[in-house]
Amino acid sequence: MDWGMQNRISRIIPRETGRAVMLAVDHGYFQGPTTGLERPGETVAPLLPYADSLMLTRGVLRQCVDATNRIPIVLRVTGGTSILSELSNEDLTVSMEDAVRLNVSAVAISIFVGSVNERQTLVNLAKLVDEGEKVGMPVLAVTAVGREMTRDARYLGLCCRIAAELGARIVKTYYCDDFEEVVNGCPVPVVIAGGKKIDERAALELADNAISRGAVGVDMGRNIFQSANPVGMIRAVKQVVQDRKSPTEAFCLL
Ligand code: 5RP
């Protein structure tokens with residue numbers, strides 16, 4: 001692996017622990033002003049000291065995050081749909097040139113395996129990987145799940161493996177029963193999304209289970225920024241993921 005690629009991946013997954021707490025705030029790209037993210041800059045600022053990286057869109061990065069900030073950025077580069085349309089009909093929305101200009105550490109793309117737009121999103125991934133490899137930019141593939149799809153190890157394992165085969169350097173997916181099967185079938189690091197807001201204790205257990213079963217980290221959004229205590233929650237998530245404290249110990253922090 002070339003130096004630039006390796007360096008960028010190590011900003012996302014710090015080598016001290018080999019684990020990552022990523023803060024996802026890219027929801028607005030298809031959901032609009034998501035609860036808790038109405039003013040993304042204000043939401044994110046107090047959380048940044050506890051996140052290893054920040055996942056967001058180009059517009060929010062430029063307008064809401066101070067350019068002197070040193071937090072590694074994972075830039076979402078797909079979109080073109082909204083909650084009012086067919087979500088899987090995504091395309092690439094940011095050039096690799098602009099991603100490099102913004103000095104990001106990785107680019108993120110969703111793939112919709114099993115959807116009507118499966119082929120389009122997988123070919124987009126392959127093209128993005130081609131562009132990324134030219135400049136040492138890792139691609140993180142998000143295995144998006146349509147409403148009609150079951151989030152089980154068979155389906156998520158299929159999605160993760162395809163993402164890795166097409167060249168994704170990191171894969172983001174959902175936690176499920178038998179999660180170790182998903183990780184075992186995926187030759188690149190796997191992180192999990194948090195999903196819909198659940199109670200804090202359950203979200204910490206989700207993070208702990210994912211790490212215990214082979215995930216390298218979490219890329220969590222709503223369970224942090226929609227918590228009544230977002231700073232306490234990200235600190236607790238960090239204790240579970242990075243310090244390997246138990247969910248009970250971390251929950252006490254809240
Ligand atoms: C949307 C995404 C989000 O970043 C992802 O869902 C993480 O956020 P949450 O923890 O709220 O699920 O990739 O496609």
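Residues are numbered from 1 along each chain as its sequence is written. Local features in this predicted model need pLDDT of at least 70, side-chain atom pairs count only at pLDDT 80 or more, and totals for chains, interfaces and linings use all residues, while side-chain values rest on heavy atoms, with hydrogens and water left out.

**The ligand and its surroundings**

Around the ligand there are 15 residues, and Asp 26, His 27, Gly 195, Gly 221 and Arg 222 come nearest; a residue is near a molecule if one of its heavy atoms lies within 4 Å of it. This shell divides into six nonpolar, four polar and five charged residues. In this classification, Ala, Val, Leu, Ile, Met, Phe, Trp, Tyr, Cys and Pro are nonpolar, Asp, Glu, Lys and Arg are charged, and the others, Gly among them, are polar.

The table gives polar contacts, that is, pairs of N or O atoms within 3.5 Å.

| Residue atom | Distance to an oxygen atom of the ligand |
|---|---|
| Arg 76, polar side-chain atom | 3.3 Å |
| Lys 172, side-chain N or O atom | 2.9 Å |
| Gly 195, backbone N or O atom | 2.9 Å |

On its own, the ligand has 370 Å² of accessible area (Shrake-Rupley method, 1.4 Å probe), of which the protein covers 94%.

**The pockets**

The ligand sits in the largest pocket, as more than half of its atoms lie within 2 Å of the pocket's grid points. A pocket is an open set of points, on a 1 Å grid over the protein atoms alone, with protein on both sides within 12 Å along at least five of seven lines; its lining residues have an atom within 4 Å of a point.

The largest pocket has a volume of about 1000 Å³, a volume being the space filled by probe spheres set on the points. Among its 39 lining residues, Phe 30, Leu 87, Val 145, Arg 151 and Tyr 174 are closest to the centre.

The second largest pocket has a volume of about 350 Å³. Its lining comprises 14 residues, divided into seven nonpolar, three polar and four charged.

Methods:
Polar contact = N/O pair within 3.5 Å; in protein donor to acceptor, adjacent residues only side chain to side chain. 1 Å grid on protein atoms, 1.4 Å probe; cavity = no way out; pocket = protein on both sides within 12 Å on 5 of 7 lines; lining within 4 Å.
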